[in-house]
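Visitor: Could you take me closely through one part of this model, the nonpolar core, and then through the charged pairs that go with the strands around it?

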Amino acid sequence: VAQRERVDVMVGSELELNITASWGAPYLDHNLTLYAYEDPGVPNGGVLTTQECRGGRQLAPTNPQVIAGQGSGEYCNPVRRVFKWRPKKSQEDQVYSMCFMVIPRELQSCESTYKCVDMHVVAPNISFNSLTTPQHDKMHHSPVGCHFEACFEAHDVLGVYQTDMTPLATSMPEGSHFDAECGMNSVTTLPYESSAGGGGGGRLKRAPH
């Protein structure tokens, strides 16, 4: 029966998995081969390294290779392969699986069970905070000679991504500016970038004319 683990990986971030296998006593002097199954295989854009021998210790005198005068006198146990992947937006909300198995070269009938990793690609679900952000397409009046301020806040509903907010320069009124300070009644904690998955926001200010 395959052993499975599920991980969430964010669009645009790099996932790095270190897959390591070893065989303990009394089989420390056996050579291992770490296989990755071709089906389902490596996700598009991912890179899986070739096997790296992490042992390098001397074989026991009773090892068949030593007796037969074969090999370098060293064995490959433990072994490691590294998988790196930076999923794209087009891979959002998909689950990609990779499965591995280890076989001792000297005892190939003693293969391991499968070890599978299911990688769920997630992307941010950005939502404006309706408690502090002005309603979309609603008219707001600013009397001549008075300061006008509007606070905008947004956050990732999934609580995975940090958010930052930048206004469109072409939409800014003449004489206005945008800063990162909102009122202390904000439902997210300031500063916005202080915690993972935190909200981001800013304040639009316009001086009187």
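Guide: In this predicted model, the largest nonpolar core has 21 residues, and those that touch the most other members are Leu-15, Leu-17, Phe-83, Trp-85 and Met-119. Two or more residues are given to this core by each of strand E2 (15–21), strand E3 (32–36), strand E6 (79–85), strand E7 (95–104) and strand E8 (115–122), with the largest share, four residues, coming from E2. Taking Trp-85 as an example, and leaving aside its neighbours within four places in sequence, one finds contacts with residues including Leu-15, Tyr-96, Met-119 and Val-121, and also with Pro-43, Asn-44, Gly-45 and Gly-46.

Turning to charge, a search of the whole structure finds six salt bridges. One of them pairs Asp-118 with Arg-4, whose closest N and O atoms are 2.7 Å apart; this pair links distant parts of the chain, since Asp-118 lies in strand E8 and Arg-4 in strand E1 (residues 3–10), 114 residues apart. Asp-118, at 13% relative accessibility, counts as buried because the cut-off is under 20%, whereas Arg-4, at 46%, counts as partly exposed.

The side chains of Lys-115 and Glu-5 also meet in a salt bridge, at 3.0 Å from N to O, and here again strand E8, which holds Lys-115, is linked to strand E1, which holds Glu-5, across 110 residues. Lys-115 counts as partly exposed at 31% relative accessibility, as does Glu-5 at 44%.

Elsewhere, Glu-52 forms a salt bridge with Arg-54, with the closest N and O atoms 2.9 Å apart, and salt bridges that share partners join Glu-52, Arg-54 and Arg-80 into one network.

Conventions
Residues numbered from 1 in each chain as written. Predicted model: local features only at pLDDT ≥ 70, side-chain atom pairs only at ≥ 80, totals over all residues. Heavy atoms only, no water. Core = buried A, V, L, I, M, F, W, Y, C linked by side-chain atoms within 4.5 Å. Buried < 20%, exposed > 50% of the residue type's maximum accessible area, 1.4 Å probe, protein only. Contact = heavy atoms within 4.5 Å. Salt bridge = Lys/Arg side-chain N within 4 Å of Asp/Glu carboxyl O.
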